[in-house]
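Me: Please take a close look at the charged and aromatic side chains here. I would like to know which groups meet and where they lie along the chain.

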Amino acid sequence: MPPLSADDVRHFQEDGHLSPIDALSPAEAFRLREQLEDFEERHGPIVKNYSVKAHMVLPWLNDLVRDPRILDAVESIIGPNIFVWGASFFIKEARDPGFVTWHQDAKYVGLEPPHTVTAWIAFTPSNETNGALRVIPGTHRELLPHADSFHEHNLLSRGQEITVEVDADRAVMMPLEPGQFSVHDARLVHGSDPNMSGDRRIGYVVRYIPTYMKQTLGERDTALLVRGVDEYGHFEHEPSPAMELDPETVAYRAALMGDLNKMLFKDANKPS
């Protein structure tokens, strides 16, 4: 797709989000779901072992995070030199109580300056019934206080939740059809409700950053260069898998997850 229009970029800058953006065809999205569920049939639920940075072990996901139809939109916001810093599956099973509390991602990740763009890529429909992403426009201008709840049904790693009053009446639903994606600023207040439908809701959520950003919570951090060049050297470059569960990238990912967890659970009130 062509880059975002000037009006689209202005909307993102002012409100902190943009949706929906067309990328993959419905058939391509259906194929992604097929590949995911084929992997799960052979290896068990992906969220148990490979939810985070699954593109490091699955070539078809590595292709997805590099898809020019997604990167063109991201480039319109953060420029031509782009890392994938993180990515996670957010899967809500049918009639699952899982939810996401109001929070801001940038509060916990240590990336500065705060120019992360999160792309929420839909493998299935994402709507009001199955717990689509909700955002509160304009809340990306300051970071708010949070606390950790570690609630068993909260899909966030720490159950992090904003501790001041959030005006939920201003919330905007971000519905997506399979193959579409949304983008939001990592500082934007967002959350989602449980899936009340009879089918899974599947999204792969990719956090894109410009190469000039730095990690402030630890000495070592890694990222995957997906467009342009890295002139700064702030991040160790991640390898891409040559095959499914490539032993090299599986081992690399396993080693870095310890460092990543130390950063993301820094100052948590419960061990990771």
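Reply: **Charged and aromatic contacts**

The charged end of Arg220 lies over the ring of Tyr252, at 5.8 Å from the ring centre. A charge is said to sit over a ring if NZ of Lys or CZ of Arg is within 6 Å of the ring centre and within 35 degrees of the ring normal. The model is predicted, so local features need pLDDT of at least 70 and side-chain atom pairs count only at pLDDT 80 or more, while totals for chains, interfaces and linings use all residues. Residues are numbered from 1 along each chain as its sequence is written, and side-chain values use heavy atoms, with hydrogens and water left out.

With Lys53, Glu238 makes a side-chain polar contact of 2.4 Å. Such a contact is a pair of N or O atoms within 3.5 Å; within protein, one must be able to donate a hydrogen and the other to accept it, and residues adjacent in sequence count only if both atoms are side-chain atoms. Glu238 is placed in the loop between E15 and helix H7 (247-264). Helices (H or I, at least four residues) and strands (E, at least two) are DSSP runs, numbered from the N terminus. With a relative accessible area of 7%, Glu238 is buried; buried means under 20% relative accessible area, exposed over 50%, and partly exposed in between (1.4 Å probe, protein chains only).

Next, the salt bridges. Side chains of opposite charge can pair when their charged atoms come close. The whole structure has 17 salt bridges, each a side-chain nitrogen of Lys or Arg within 4 Å of a carboxyl oxygen of Asp or Glu. Glu244 and Arg42 form one, at 2.7 Å from N to O. Glu244 is in the loop between E15 and H7 while Arg42 is in helix H2, so this pair ties together parts 202 residues apart in sequence. Glu244 is partly exposed at 31%, and Arg42 is partly exposed at 43%.

Helix H2 contributes to another bridge. Glu28 meets Arg69 at 3.0 Å, N to O. Since Glu28 belongs to helix H2 (residues 26-43) and Arg69 to helix H5, the bridge ties together parts 41 residues apart in sequence. Glu28 is partly exposed, at 32% relative accessible area, and Arg69 is partly exposed, at 23%. Arg69 takes part at the start of H5 as well: a side-chain oxygen of Asp67 comes to within 2.8 Å of the backbone nitrogen of Arg69. Helix H5 (residues 68-78) has Ile70, Leu71, Asp72, Ala73, Val74 and Ile78 as its buried residues. Just after H5, Gly79 has a positive phi of about 100°.

Asp193 and Arg134 also form a salt bridge, with their closest N and O atoms 3.6 Å apart. Asp193 lies in the loop between strand E11 (190-192) and E12, and Arg134 in strand E6, so the two are distant parts of the chain, 59 residues apart. Asp193 is partly exposed, at 36% relative accessibility. A network of salt bridges links Arg33, Glu37, Glu40, Glu93, Asp199 and Arg200.

Now the rings. There are five aromatic pairs. Rings of Phe, Tyr and Trp (its six-membered ring) pair if their centres lie within 6.5 Å; planes under 30 degrees apart count as stacked, over 60 as edge-to-face and the rest as tilted. Phe89 and Tyr204 are a tilted pair, 4.6 Å centre to centre with 50° between the planes. Phe89 sits in strand E2 (residues 82-92) and Tyr204 in strand E12 (residues 201-210), distant parts of the chain 115 residues apart. Both Phe89 and Tyr204 are buried. Tyr212 and Tyr232 have ring centres 6.5 Å apart and planes at 75°, so they are edge-to-face. That pair joins the loop between E12 and strand E13 (214-215), where Tyr212 lies, to the loop between strand E14 (222-227) and strand E15 (236-237), where Tyr232 lies, 20 residues apart. Tyr212 is partly exposed at 31% relative accessibility, and Tyr232 is partly exposed at 44%. Phe89, Phe123 and Tyr204 make up one aromatic cluster.
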